[in-house]
Amino acid sequence: MNHPILYSYWRSSCSWRVRIAMNLKEIPYDIKPISLIKSGGEQHCNEYREVNPMEQVPALQIDGHTLIESVAIMHYLEETRPQRPLLPQDVHKRAKVREIVEIICSGIQPLQNLIVLIHVGEEKKKEWAQHWITRGFRAVEKALSTSAGKYCVGDEISMADCCLVPQVFNARRFHVDLRPYPIILRIDRELESNPAFRAAHPSNQPDCPPELPNK
Ligand SMILES: O=C(O)/C=C\C(=O)CC(=O)CC(=O)O
C-alpha cells in the first residue's frame, strides 16, 4: 500500500504539528513540499487548490481521503491509529490538552500567519507577531502552571506538545522575549531531543534551504 502523502512546508508550524503526530504514532509517510514563497506561493496554484481550498498547508492524503486543517488531522490520526495516544484518558486532562491546543491554534498562530503578516506589512509585522504571541503565551504559561508534568499535561506527550514546540520556534523567529515563560521553555527543551520531534523539525525537512535562517 502507498504511504500517506503529507503536503508540507518546512517551517510551516501547522505542517510541523502533523509531522510530529505522524512520527510519534510511527506512521510512515511521504512528504510533498509546497513552497509558500516560491512564485508567490505554490499553495495558490490551481492544482493545489483542488487538494486544499484554503490554499494552506498541511493537507494529508490517507486511507483514500484528503484531509485538511492540522487539528482535524491530528484527531483523525488519534481515532484511526490509537497506538501511542495523543490525548489522555482522564476527561479533565483531555479538556486541558484541547484548551492549550485551542489557545495556540486559534488564539496565536492564525494571527501571525503568513497571509496576515502580508496584510500587516513589512514594517509592522515583527511587532504585530510579538504582540499576539506574547498575549497567547501568557495564557499558555498559566494553563501549564497547573497542568504540566514533564510535558504540557502530565507526563505523557499529547497534541498540546505537538502544537507548543512549533509555536516556540515561531516566537524565537519573531524575537519574542521568552524569559517570562519558564514552563514553556522547560517543556520545549525537554522535547528537543525526542526523536519524533527532531525528525519533524524544519531543519530536517527535504525542502529546508541549505542555509537555514533563524535556526
Ligand atoms: O518561510 C516563510 O516565511 C513562509 C511561511 C512560513 O514561515 C509559515 C508561516 O506562515 C508561519 C507559521 O507556520 O506559523
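Two strands are taken to pair if DSSP finds at least two bridges between them. In this predicted model, strand S1 (residues 5–8) and S2 meet that condition, pairing in the parallel sense over 4 bridges. Within this pair, Ser-8 stands opposite Pro-33 in S2.

Both strands belong to an open sheet of 4 strands, whose order is S2-S1-S3-S4 and whose pairing is mixed. Strand S2 (30–33) and strand S4 (65–68) form the edges, each pairing on one side only. On average, neighbouring strands of the sheet are turned by 20 degrees against each other, direction ignored.

Two helices pack on this sheet. Helix H1 (residues 13–24) touches S1, S2 and strand S3 (59–62), and its direction makes about 150 degrees with that of S1. Helix H3 (residues 70–80) touches S3 and S4, with its direction at about 130 degrees to that of S4.

The UniProt record, an unreviewed entry, lists residues 2–85 as "domain: GST N-terminal". This span is 35% helix and 19% strand, and its end C-alpha atoms lie 24 Å apart.

Helix H1 also meets helix H7 (residues 159–173): the two axes come within 8 Å and cross at roughly 140 degrees. Angles over 145 degrees would count as roughly antiparallel; H1 and H7 are therefore oblique to each other. Their crossing is right-handed. On the H1 side the contact involves Ser-13, Trp-16, Arg-17, Ile-20, Ala-21 and Leu-24, which meet Cys-162, Cys-163, Val-165, Pro-166, Phe-169 and Asn-170 in H7. By class, this contact of H1 with H7 has 9 nonpolar, 2 polar and 1 charged residues.

Notes: Residues are numbered from 1 along each chain as its sequence is written. This is a predicted model: local features need pLDDT of at least 70, side-chain atom pairs count only at pLDDT 80 or more; totals for chains, interfaces and linings use all residues. Side-chain values use heavy atoms; hydrogens and water are left out. UniProt positions are given in the numbering used here, feature names are shortened, and annotations may be inferred rather than shown by experiment. Axes are lines fitted to C-alpha atoms, for helices over the stretch in contact, and angles run from 0 to 180 degrees between N-to-C directions. Contact means heavy atoms within 4.5 Å. Angles under 35 degrees count as roughly parallel, over 145 as roughly antiparallel, 65 to 115 as roughly perpendicular and the rest as oblique. A crossing is left-handed if the near helix is turned anticlockwise from the far one by less than a right angle, and right-handed if clockwise. Ala, Val, Leu, Ile, Met, Phe, Trp, Tyr, Cys and Pro count as nonpolar, Asp, Glu, Lys and Arg as charged, and the others, Gly among them, as polar.
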